[in-house]
Amino acid sequence: GAAAVKAKGQVEMCKGSHAEKFVYINFVEDQTIEPNHDDQKFVVDAWAAMKFDLDVPSYLVTAAATVERLGGPKIAKLVVP
């Protein structure tokens, strides 16, 4: 988060329980998958890590660790251009 904030990004804290069924790892540049209340999922925008010149593997590992700590899904779906 710190590198994104330095680059004028925002960190949002979400509250509530997690009922996500899977994780989207999105590599489609400048596109984010819209939330769908009926089909909840975590969305990790890997393209944003590249855009802000972050270490993409570390970013993805940290995102996966966060999902696991929240008791989230163990299924990942890659979204590629």
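Predicted model: local features only at pLDDT ≥ 70, side-chain atom pairs only at ≥ 80, totals over all residues.
A polar atom of the Asn-26 side chain lies 2.6 Å from the backbone oxygen of Gln-31. Leaving aside residues up to four places away in sequence, the residues that Asn-26 touches are Gln-31, Thr-32, Ile-33, Val-44, Asp-45, Ala-46, Trp-47 and Val-79.

Phe-22 is located in the loop between α1 (2–6) and β1. Its relative accessibility is 7%, and Phe-22 therefore counts as buried. Along the chain, Phe-22 and Lys-41 are 19 residues apart, yet their C-alpha atoms are separated by 5.2 Å.

The two residues can be set side by side as follows.

| Residue | Location | Relative accessible area |
|---|---|---|
| Phe-22 | loop between α1 (2–6) and β1 | 7% |

Strand β1 is part of an open sheet of 3 strands, arranged in the order β2-β1-β3 and paired in parallel. The edges of this sheet are formed by β2 (42–45) and β3 (76–79), and since each of them has a single partner strand, one side of each is left without a neighbour in the sheet. From one strand to the next, the twist averages 20 degrees. Between β1 and β3, which run parallel, there are 4 bridges, and within this part of the sheet Tyr-24 stands opposite Lys-77 in β3. Helix α3, made up of residues 56–69, packs on the sheet, where it touches β1 and β2, and the direction of the helix makes about 165 degrees with that of β2.

Turning to the protein as a whole, its secondary structure comprises 3 helices and 3 strands, which follow the pattern α-β-β-α-α-β when read along the sequence. Among the contacts in the protein with a separation of 6 or more, 40% are accounted for by residues 24 or more positions apart. The protein exposes about 6,200 Å², and carbon and sulfur atoms supply 56% of that area.

Note on methods
Residues numbered from 1 in each chain as written. Heavy atoms only, no water. Polar contact = N/O pair within 3.5 Å; in protein donor to acceptor, adjacent residues only side chain to side chain. Contact = heavy atoms within 4.5 Å. Helix = DSSP H or I, 4+ residues; strand = E, 2+ residues; numbered from the N terminus. Buried < 20%, exposed > 50% of the residue type's maximum accessible area, 1.4 Å probe, protein only. Pairing = 2+ DSSP bridges. Axes fitted to C-alpha atoms, helices over the stretch in contact; angles between N-to-C directions. Areas by Shrake-Rupley, 256 points an atom, 1.4 Å probe, with all protein chains shown as cover.
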